[in-house]
Amino acid sequence: MAGLFRFRRARGPMDLAMDMAGVRLGERVLHVGQGNPKLFARLAGKAGLSGRACAVVDSPGATSALEAAAAAEGVLIEVLLAEGPFWPLDDASFDAGIVDGNALLRGDAAERARRLDEVRRTVRPGGRVLVIRSAPVGFAARLGFGSSHAGPSADASMLLQALEGAGFRPARILAEREGMTFVEGFRPA
């Protein structure tokens, strides 16, 4: 009878995002935009003391949210406030880039291109960039009755085009599930 009613802990969106990011110990991680502060803090924990975790944000409010999440997680991070089109970071100084897809979609095409150009400049050749977009999930989708669509959403296609337009090749849509979209690209060597 005990085998009949087995409950397992469901993995949530945070675990899914951590798995998709694939950050390893010692890696240098760039986080662009506020995104999910708790996710950035957990990624910084994965990079560890031998790695580096740096975030570039547009507002002082985002800075304090990221620093509070890092303090709660007990990790060291750097948060830079972007003032102008160029970030005060060295070329090819990061192994991986995590980009807030919601912030990319809020901006116009020129702003998306400028932001992704800076990501391409700061991520090393062969480095991976992951764009994560989150959307609210309805009650039916949480129960597993979400609508099924034949192809990628319009937002996922737009993020893919933005990555390809910024020179990330190959680029692809990894997944759209649990209210999240994952689009990855690599900086050519």
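Colleague: Is Glu111 buried, partly exposed or exposed?

Modeller: This is a predicted model, and its relative accessible area for Glu111 is 29%. Buried would require a value under 20% and exposed a value over 50%. Since 29% lies in between, Glu111 is partly exposed.

Colleague: How many residues apart in sequence are the parts that the salt bridge between Arg28 and Asp95 ties together?

Modeller: The closest N and O atoms of Arg28 and Asp95 are 2.8 Å apart. Arg28 is partly exposed at 28% relative accessibility, whereas Asp95 is buried at 12%. Because Arg28 lies in strand β1 and Asp95 in strand β4, the pair ties together parts whose separation in sequence is 67 residues.

Colleague: In what order do the strands stand in the sheet, and which strands are at its edges?

Modeller: The open sheet has 7 strands with mixed pairing, in the order β3-β2-β1-β4-β5-β7-β6. A strand at the edge has a single partner, so one side of that strand is left without a neighbour in the sheet. From one strand to the next, the twist averages 20 degrees. The strands at the edges are β3, residues 78-81, and β6, residues 171-177.

Colleague: How many bridges join strand β1 to strand β4, and which residue stands opposite Val29?

Modeller: In general, strands of a sheet pair through backbone hydrogen bonds, either parallel or antiparallel. Here β1, residues 28-32, and β4, residues 94-100, run parallel. The number of bridges joining them is 4, and the residue in β4 opposite Val29 is Ala96.

Colleague: Which helix lies across β5, β6 and β7, and at what angle does that helix run to β6?

Modeller: Helix α5, residues 109-122, packs on the sheet by touching β1, β4 and β5, and its direction makes about 140 degrees with that of β5. The helix you ask about covers residues 154-165 and lies across β5, β6 and β7. That helix is α7, and the angle to β6 is about 155 degrees.

Colleague: How many residues has the largest nonpolar core, and which element supplies the largest share?

Modeller: Nonpolar side chains tend to be buried together in soluble globular proteins. The largest core here has 23 residues, and those with the most contacts inside it are Trp87, Val119 and Leu163. The elements β1, β2, β4, α5, β5 and α7 each supply at least two of its residues. The largest share, 4 residues, comes from α7.

Colleague: Is Phe94 buried or exposed, and what is its relative accessible area?

Modeller: Phe94 has its place in strand β4. Leaving out residues up to four places away in sequence, Phe94 touches several others, including Val29, Leu30, Cys54, Leu89 and Val123. Phe94 is buried, and its relative accessible area is 0%.

Colleague: Where is Leu89 found, and how far is its C-alpha atom from that of Arg121?

Modeller: Leu89 is found in the loop between β3 and β4, and this residue is buried, with a relative accessible area of 7%. Beyond its neighbours within four places in sequence, Leu89 is in contact with residues including Leu30, Val56, Leu80, Phe94 and Arg121. Leu89 and Arg121 are 32 residues apart along the chain, and their C-alpha atoms are separated by 9.1 Å.

Technical notes:
Residues numbered from 1 in each chain as written. Predicted model: local features only at pLDDT ≥ 70, side-chain atom pairs only at ≥ 80, totals over all residues. Heavy atoms only, no water. Pairing = 2+ DSSP bridges. Axes fitted to C-alpha atoms, helices over the stretch in contact; angles between N-to-C directions. Contact = heavy atoms within 4.5 Å. Buried < 20%, exposed > 50% of the residue type's maximum accessible area, 1.4 Å probe, protein only. Salt bridge = Lys/Arg side-chain N within 4 Å of Asp/Glu carboxyl O. Core = buried A, V, L, I, M, F, W, Y, C linked by side-chain atoms within 4.5 Å.
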